[in-house]
Amino acid sequence: MGNVSLNEKIPNNVNLSSDRKLKRALESWQPNFIDWWMDMGPLGFQQDQIYLRTAVSVEKGGWAKFNYVKMPEYRWGIFMTPPEGDRTISFGDNIGRPLWDKVPGDFRKELRRIIVTQGDTEPASVEQQRQLGSTAPSLYDLRNLFQVNVEEGRHLWAMVYVLHSYFGRDGREEAEDMLVRRSGKDDSPRILDTFNKPIEDWLSFFCFTMFTDRDGKYQLAALAESGFDPLARTTQFMLAEEAHHLHVGETGIRRVVLRTAQLMKEAPNEDVRTLGGIPLGIIQRYINEWYSSSLDLFGAENSSNAASYFAAGLKGRYKESSSRYNDHVALAGHYTIKRPEGTRLVNEEIPLRRAMNLVLRDAYVEECKRILERWNEILDEYGISERLFLPEEQFRRRQGVYSTHHFDPKGNFLSAEEFESRIDEFLPSQDDLEYVASLMQPVYEPGKFANWIAPPKRGIDGKPIDFLYAKFDGHVRQD
Ligand code: BYC
């Protein structure tokens, strides 16, 4: 593992300068990335100075530095956590064998597919969020949005490095395609469904960073267990940045819930619309939308792909190498899933390896539930009896066993007609979307916040909440 080289064209700790061919290939991808960033990155703020964190090392205490940066000049680098002694593969059929430091020939296709799928989500999310700067509820939030965006850009770099470095010509072609597909585009969409949905308001952004980025955390954690060592060490470091994205989502919704609770106490009949707040019913429908879509990102409950990834040692469970599991081979166990049959759910036992998507998803669901409880504590403190909840796993699924049936958020069977006729109860309606859109007026004065969201508890990097998180260099923003 090389030292950190911050002054090269591409900052890195992977000894890029020792491999001239690879360095040249990545340096020729770099201008295409910048072109993509200018075309598809945050709209309207590319020349402003944003107070951003940049990864500069992989040391636990000091891996990032904060400074004002113009986004196109952000130093997107390639970093991997250092190798750990003589680690071996920790699960599956190859358990106990040395980690692979090259692509194992037998699993080349599978690995390439996993890496391309992961890589594709990163630029997709930047594309989905590109309009949001013009309606930011504060400078603090504006800065967080751009922090998330530049780091998703770095995560694309991370996957492109692995493709270029280990997959030869195929990898270079895949890296080019990452900049060709576009979120939501009919003829060349992004690979996974959730990444083709528009994110047009900040409530969607907070739900996305809460629920969809959290799928990212669990998928990255599963890849950080991989027997393919370069992938494991690359994704391990991506998790360090991901934590902030999840914080933005969790605290973003929490601040909306808090503001709604405050306004409910002020408004006649608790009708927060009269005071410009977001009703709990709308928040619930946004949760239903983004949580159900994020569950789909785990793939099918019963999956032969998941079984072969686990068997090969390519993708583990959450914290696979810890003592969380007794059995890391998972050939013996079963998992009981609930499958719809007519209008009943029946139990079906499937071999544990085929349930690995579900096992990973269970860990995710558990974490989401804990966070919902924390949001509900706010409602409790304000003496409000309504509660936010996660819809049942059956609700509005496009992947897996439930995708052929219709359910309400509580998991009750519905006919297709009933589901359609009640859809505005379950998911954001046109009226909800228009109302939320009407609240999306930008607030760019330091320390001020839009009326529909409470300020955060603290600022970024120890700075006060009214810190100048973005400088518009003299011009007054009126987007
Ligand atoms: N949309 O056995 P199945 C992140 C396809 S987020 C469309 O069910 P498998 C981030 C599947 O490809 C994390 N298609 O699923 C967050 C397969 O296609 P084929 C991203 C889907 O393969 C926010 C078929 O259905 N990382 O980082 O076990 C901001 C049946 O496959 C979907 C990863 O996803 C879907 N939702 O698991 C920025 C990790 N689900 O073979 C970033 C890498 C399934 O019939 N990806 N399909 O053509 C994987 O490990 C797996 O591909 C999946 C699916 C978990 C996605």
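In this predicted model, an oxygen atom of the ligand lies 2.6 Å from an N or O atom in the side chain of serine 303. The protein covers 82% of the 1,000 Å² of accessible area that the ligand has on its own. The shell around the ligand draws two or more residues from each of helix 2 (108–128), helix 5 (202–223) and helix 8 (304–312).

## Surroundings of the ligand

In total, 29 residues surround the ligand, and the closest are Gln118, Ala300, Ser303, Asn305 and Lys315. Helix 2 supplies the largest share of this shell, with seven residues. Sorted by class, the shell consists of nine nonpolar, twelve polar and eight charged residues.

| Residue | Atom of the ligand | Distance |
|---|---|---|
| Serine 303 | oxygen | 2.6 Å |

## The chain as a whole

The secondary structure of the chain comprises twelve helices and seven strands. Along its principal axes, the C-alpha trace spans about 65 × 65 × 45 Å. How does the radius of gyration of the chain agree with that of a compact globule? For 479 residues, a compact globule would have a radius of gyration near 23 Å, and the chain has 23 Å, so the two agree. Of the 479 residues in the chain, 58% are buried.

## A hairpin of two strands

Strand 3 (residues 334–341) and strand 4 (residues 344–351) run antiparallel and are joined by eight bridges. Within this pairing, threonine 336 stands opposite glutamate 349 of strand 4. Two residues lie between the strands of the hairpin, where glycine 342 adopts a positive phi near 60 degrees.

Most residues other than glycine have a negative phi. Two residues of the chain may be considered against this background. Asparagine 15, although not a glycine, has a positive phi of about 60 degrees. Asparagine 15 belongs to the segment before helix 1 (20–40). Is asparagine 15 buried or partly exposed? Its relative accessible area is 37%, and asparagine 15 is therefore partly exposed, since buried means under 20% and exposed over 50%.

Aspartate 461 is also a residue other than glycine with a positive phi, in this case near 55 degrees. Aspartate 461 is placed in the loop between helix 12 (430–439) and strand 7 (470–471). With a relative accessible area of 36%, aspartate 461 is partly exposed.

## A buried arginine

Where is arginine 317 found? Arginine 317 is in the loop between helix 8 and strand 3. Helix 8 is one of the elements that give two or more residues to the shell around the ligand, while strand 3 is the partner of strand 4 in the antiparallel pair. The relative accessibility of arginine 317 is 4%, and arginine 317 therefore counts as buried. Its side chain reaches the backbone oxygen of aspartate 327 at 2.9 Å.

How values were computed
Residues are numbered from 1 along each chain as its sequence is written. This is a predicted model: local features need pLDDT of at least 70, side-chain atom pairs count only at pLDDT 80 or more; totals for chains, interfaces and linings use all residues. Side-chain values use heavy atoms; hydrogens and water are left out. A residue is near a molecule or strand if one of its heavy atoms lies within 4 Å of it. A polar contact is a pair of N or O atoms within 3.5 Å; within protein, one must be able to donate a hydrogen and the other to accept it, and residues adjacent in sequence count only if both atoms are side-chain atoms. Accessible areas come from the Shrake-Rupley method with a 1.4 Å probe; for residues, only the protein chains shown count as cover. Helices (H or I, at least four residues) and strands (E, at least two) are DSSP runs, numbered from the N terminus. Ala, Val, Leu, Ile, Met, Phe, Trp, Tyr, Cys and Pro count as nonpolar, Asp, Glu, Lys and Arg as charged, and the others, Gly among them, as polar. Two strands pair if DSSP finds at least two bridges between them. The radius of gyration is taken over C-alpha atoms; the globule rule is 2.2 Å times the number of residues to the power 0.38. Buried means under 20% relative accessible area, exposed over 50%, partly exposed in between (1.4 Å probe, protein chains only).
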